[in-house]
Amino acid sequence: MGKMSTTLQPDQATIAGVSEPAKSRAAKSRPAKRVRGLSDRAIAWLFVAPTIALLLAINIFPLIWMIRLSFTSLNLSMSYLPLRFVGLDNFSDILNDEDLWIRLQTTAQFVIWSVGLQVVIGYGLALLINRQFRGHSFWTTIILLPMMLSPAVVGNFWTLLFQPQIGPFNYLISLFTGVPPSSFSMTGEVALAPWTIVLVDTWMWTPYVMLICLAGLRSIPDYIYEAAEVDRASAWRQFWSITLPMTVPFLMLAVLFRAIENFKMFDMVNLLTSGGPGSTTELVSITLKRAAFEKWRTGYSSALAIILFVTVFGAANIYVKALNKVKQR
Amino acid sequence: MRTLKWLGNTTASVALGAAVLGLFGGGEAAAQGKQLTLCWAAWDPANALVELGKDFTKQSGIEMKYEFVPWTSYADRFLNELNSHGKLCDLLIGDSQWIGGAAENKWYLKLNDFFDKEHISMDDFVQATVVGYSEWPKNSPNYWALPAMADAVGWTYRKDWFSRPDIQSAFKAKYGRDLAPPKTYDELKQIAEFFQGREIDGKKVYGAYIFTERGSEGITMGVTNVLYNYGFSYDNPKKAYQMQGFVNSADAAKGLEFYKGLYKCCTAPGLTNAYMQEGLDAFKSGQVAMQMNWFAFFPGLYKDPNVGGDKIGFFVNPAGPNGHFTQLGGQGISVVANSDHKDDALAYIKWFAQPAVQQKWWQLGGYSALKAVVDAPDFPKSAAFAPQFLESMGIVKDFWAEPSYAQLLLDMQKRVHDYVVADKGTGQQALDLLVKDWTKVFKEQGKEVASQ
Amino acid sequence: MTAAVANSTAHSIVEASPRAKAVAGSVVILYAIISILPLLWIGATAFKSQSDAIAYPPKVIFQPTLEGYVNLFTVRTRQTPDFIAKLPPPETWYDKLVRQHDMVIAGPSKVVPRFVNSLIIGFGSTFLAVFLGTLAAYAFSRFRIPLADDLLFFILSTRMMPPVAVAIPIYLMYRQLNLTDTRLGMILLYTAVNVSLAVWLLKGFIDEIPREYEEAALVDGYTRLQALRKVVLPQAVTGIAATAIFCLIFSWNEYAFAVLLTSGEAQTMPPFIPFIIGEGGQDWPAVAAATTLFVLPIVLFTVLLRKHLLRGITFGAVRK
């Protein structure tokens with residue numbers, strides 16, 4: 001990736017031909033002079049309004065509509081039935097549904113294991129790549145490839161790779177362990193399927209975590225290490241007291257992004273296992289999709305969507321506050 | 001930096017152009033001449049329909065466009081399309097179970113007046129197909145589709161393996177009877193166990209292939225073939241929507257256990273989420289002795305260079321201790337109410353309903369539902385699977401066709417797959433939970449559900 | 001400074017020893033090779049024949065053929081050998097290839113329109129998101145906007161909903177507005193989803209650009225807009241490039257919205273690829289061919305701009 005330069009040195013003279021004397025004049029006369037053209041306020045509004053408008057239209061207005069729907073019995077495939085206002089029935093249905101709690105559990109397990117693995121492997125890779133051996137830039141790019149694919153396409157072609165009879169994965173395993181290839185099915189067995197989705201997700205997103213950790217490692221200034229060398233701190237000590245603490249904010253950022261993404265995960269798992277066998281890999285997004293777009297229970301699924309959103313929002317909020325505290329340390 | 005700038009400029013212009021195209025060029029190019037879009041599932045009969053449709057284009061000058069979607073996303077995609085009032089499809093060959101929803105939601109055009117005007121009589125079609133593909137409410141003369149594709153679940157088997165003397169004698173020695181296509185499910189299980197793991201032509205083969213697909217409708221369409229024959233019924237024939245004791249009777253639980261037993265003992269490994277296409281693959285590559293699949297595929301299988309012709313045989317879904325039925329498949333062709341070309345679409349249906357066209361439909365690989373075609377004296381000889389098809393169409397039973405059918409189907413998919421493939425609970429428990437699920441669905445619709 | 005220090009100590013944490021480098025290198029290379037094996041298998045499958053792709057046991061050595069690619073781009077029908085014998089001789093190499101399997105090309109498949117849709121929707125929404133995002137980020141960075149922090153968090157929180165959840169009301173809304181299955185609808189949706197990320201990323205980058213340069217330009221008589229164009233944008237280019245990559249990767253690879261809100265007209269590649277059916281099951285060589293072709297633009301884009309990826313991925317938190 002190339003070593004990052006530690007200072008930004010833009011060529012001052014080339015910036016729009018702005019003259020040195022002008023800059024010092026600007027520094028002296030700080031109170032803003034009335035500038036030509038649109039006023040600053042107008043520009044601020046003009047610049048922010050389209051974004052806010054778009055987000056209001058595509059995110060907020062539908063969210064409000066959805067909150068309204070969650071109190072109704074709307075079922076799109078039976079729209080001829082009179083629309084009933086059911087109050088909190090949908091919500092209590094969901095919160096009392098045992099099966100749904102199991103789905104949340106499944107999703108939580110998926111998030112915890114996949115993000116955990118990605119953090120460990122990603123961080124390790126970042127540390128190694130940071131050694132900057134010859135050709136590291138090339139190999140880093142190779143490692144990045146899995147995350148450039150569409151998760152749906154990934155889920156789909158891994159079904160071929162995991163086929164016991166015709167896929168290479170089982171044969172590879174049997175080469176190393178002697179277990180016959182047809183004797184197990186990664187996507188078909190209750191014991192294996194949850195680990196299979198963790199495996200594929202880790203394969204896909206470890207490079208992402210690695211990049212974040214790499215950026216974190218590169219942001220540690222060299223002089224800190226040099227000072228530690230002078231103090232004759234061992235490599236291990238340096239890792240524990242310098243590297244790790246200074247990269248923790250980046251790690252936490254990586255965990256935040258990946259956890260949010262994996263909580264929302266739908267396409268890769270749906271195409272890999274359809275939530276099966278049975279419901280052992282059915283994540284909440286899959287349940288939501290089935291309720292909303294296969295059973296067409298719009299009211300019910302709106303309630304579920306709101307519950308999920310509140311969960312993620314609340315968790316993310318708490319986490320970001322913790323992250324900010326860590327950053328300030 | 002320069003590469004960046006160049007890339008930036010190019011990308012920006014591409015992106016800008018794309019944005020403009022997207023914003024203003026959203027519609028498709030103006031069609032030259034008349035056009036109809038027909039939507040169906042992507043399978044062999046659809047290809048046959050494309051061939052057949054060339055005649056229509058020649059006759060009427062209307063060009064036919066097709067939108068075929070794989071079975072696993074067929075219901076998803078087209079129910080979504082209907083729900084979103086899309087204009088993609090003028091004609092839709094929708095699944096038989098959609099009739100209730102399509103009629104109630106006014107997604108399809110009601111065809112009674114059209115049939116009267118064009119003198120198309122539903123008496124000319126096989127009764128089971130009229131009830132199954134066209135009527136809503138059931139058994140009332142309200143028609144929403146023309147029966148287009150008659151279909152049911154049947155079985156294929158490796159006739160060449162069954163005729164090998166060494167295999168025949170080994171079977172006779174073990175079971176004391178001749179090896180022949182099974183008439184009951186117990187016989188089928190015996191045969192499946194016999195072939196499971198046997199070496200034939202240097203390769204290990206397996207006994208049977210059955211449906212296990214989780215996502216859309218696969219495992220349900222497989223398991224009902226056994227359940228019906230063990231005594232499962234959707235509700236009390238005398239009292240609609242009373243399911244307790246009919247869906248989850250002890251006999252029905254036994255039937256479900258039988259299906260699981262068959263899945264565990266005598267199928268190829270790794271097929272935990274398999275439906276039609278995987279069955280074709282498994283049978284064509286010589287992995288299984290017997291395959292459960294839809295009659296729709298049998299013409300293609302018969303023509304297959306590896307396993308067709310003399311090597312393939314067919315048999316009707318075997319009977320169980322309490323009945324002899326088979327799962328109804330098939331679809332009717334309907335006019336989408338939201339279409340802008342309703343008159344042209346009706347012209348297509350009028351053309352399709354002609355006896356000569358129906359006859360050609362059968363010859364090309366489709367399954368006509370016209371009595372004139374299937375009751376013709378030489379029909380049983382017209383194809384190797386014709387007699388089995390005729391017999392099957394006489395014993396068909398269908399899943400719920402209620403407007404809420406999707407919820408009912410998905411509930412059954414979950415409970416059955418949980419038990420059969422994911423080893424959750426017992427068969428009785430699965431069916432008990434299913435009754436609970438279905439009761440909830442019907443109650444939400446405001447239907448009276450009696451418990452006893 | 002750093003280079004001098006590094007050379008003076010043979011074993012320094014700043015510059016690793018040759019032995020440490022070799023060990024690190026081998027582990028990373030091993031991981032890279034293992035992680036790329038599935039991709040190599042898929043790339044190879046694109047060149048296998050149908051029967052080789054589903055051969056059991058799986059074939060590592062095989063006879064390569066372009067059938068997968070041909071199947072991807074065409075729609076074929078099976079005919080009897082007699083019918084084929086009666087046809088005029090095949091004109092092109094792909095006609096010949098298809099005839100060998102007793103099939104005849106019936107027309108082009110839908111892959112090109114789908115790819116074009118992906119291009120239009122992908123690049124279109126990326127451009128719009130980056131454009132709007134740059135403007136908004138500049139405003140947040142340079143001006144005092146009321147409730148800025150809350151607005152920014154609100155913008156970020158729009159990314160926390162599962163796409164399937166967002167799709168529910170969007171589906172209803174688009175149904176009313178006749179935007180289902182239109183490219184415009186998809187571009188708007190993807191832009192809205194991307195703009196939140198874009199604003200956050202770009203604000204981080206623009207914050208880094210010292211204000212003095214603009215203020216000097218303003219004093220020199222430039223308008224605010226001109227200052228933006230001449231002073232800020234050139235320096236923000238790397239940030240914009242990084243943002244564009246992430247926005248593009250999202251829009252390019254997105255599946256949930258595409259499968260729920262598009263059908264025939266505006267369908268992009270991700271809902272198309274997993275459902276390419278051959279005669280039996282999935283046409284794996286064609287699926288593999290489509291996967292390969294579909295990932296190429298992203299790989300190209302990313303490789304060309306990879307230096308900026310690192311900055312972008314941490315919200316510009318890497319201080320230069």
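1. Domains of chain C. In this predicted model, the centres of domain 1 and domain 2 of chain C, taken over C-alpha atoms, are separated by 43 Å. Domain 1 of chain C covers 66–109, and domain 2 covers 112–274 + 297–313; the bounds come from an automatic or database domain assignment.

2. Basis of the description. The model is predicted: local features need pLDDT of at least 70, side-chain atom pairs count only at pLDDT 80 or more, and totals for chains, interfaces and linings use all residues. Residues are numbered from 1 along each chain as its sequence is written, while chains are lettered from A and ligands numbered from 1 in the order in which they are written.

3. Fold of chain A. Chain A contains 13 helices and zero strands, where helices (H or I, at least four residues) and strands (E, at least two) are DSSP runs numbered from the N terminus. Of the 329 residues in chain A, 46% are buried, that is, 20 or more other C-beta atoms lie within 10 Å of the residue's own, with C-beta atoms placed from the backbone. Two residues are in contact if their C-beta atoms, placed from the backbone, lie within 7 Å. Among the contacts in chain A between residues at least 6 apart in sequence, 72% join residues at least 24 apart.

4. Contact of chains A and C. Chain A and chain C each contribute 93 residues to their contact. On the side of chain A, helix α2 (residues 40–69) gives the most, with 14 residues. This side of chain A comprises 63 nonpolar, 16 polar and 14 charged residues. Here Ala, Val, Leu, Ile, Met, Phe, Trp, Tyr, Cys and Pro count as nonpolar, Asp, Glu, Lys and Arg as charged, and the others, Gly among them, as polar.

5. Contact of chains A and B. In this contact, 27 residues of chain B meet 27 residues of chain A. On the side of chain B, the elements that give two or more residues are α3 (71–83), α4 (99–104) and α19 (405–420). The largest share, six residues, comes from α19(B). This side of chain B divides into seven nonpolar, twelve polar and eight charged residues.

6. Helix α10 of chain B. Helix α10 (residues 218–230) of chain B has a kink of about 35° centred on T224(B); the bend at a residue is the angle between axes fitted to the seven residues ending there and the seven starting there. The helix α10(B) is mostly covered, with 13 of its 13 residues buried. Just after α10(B), G231(B) adopts a positive phi of about 110°.

Key. Buried ≥ 20, exposed ≤ 12 C-beta atoms within 10 Å, placed from the backbone.
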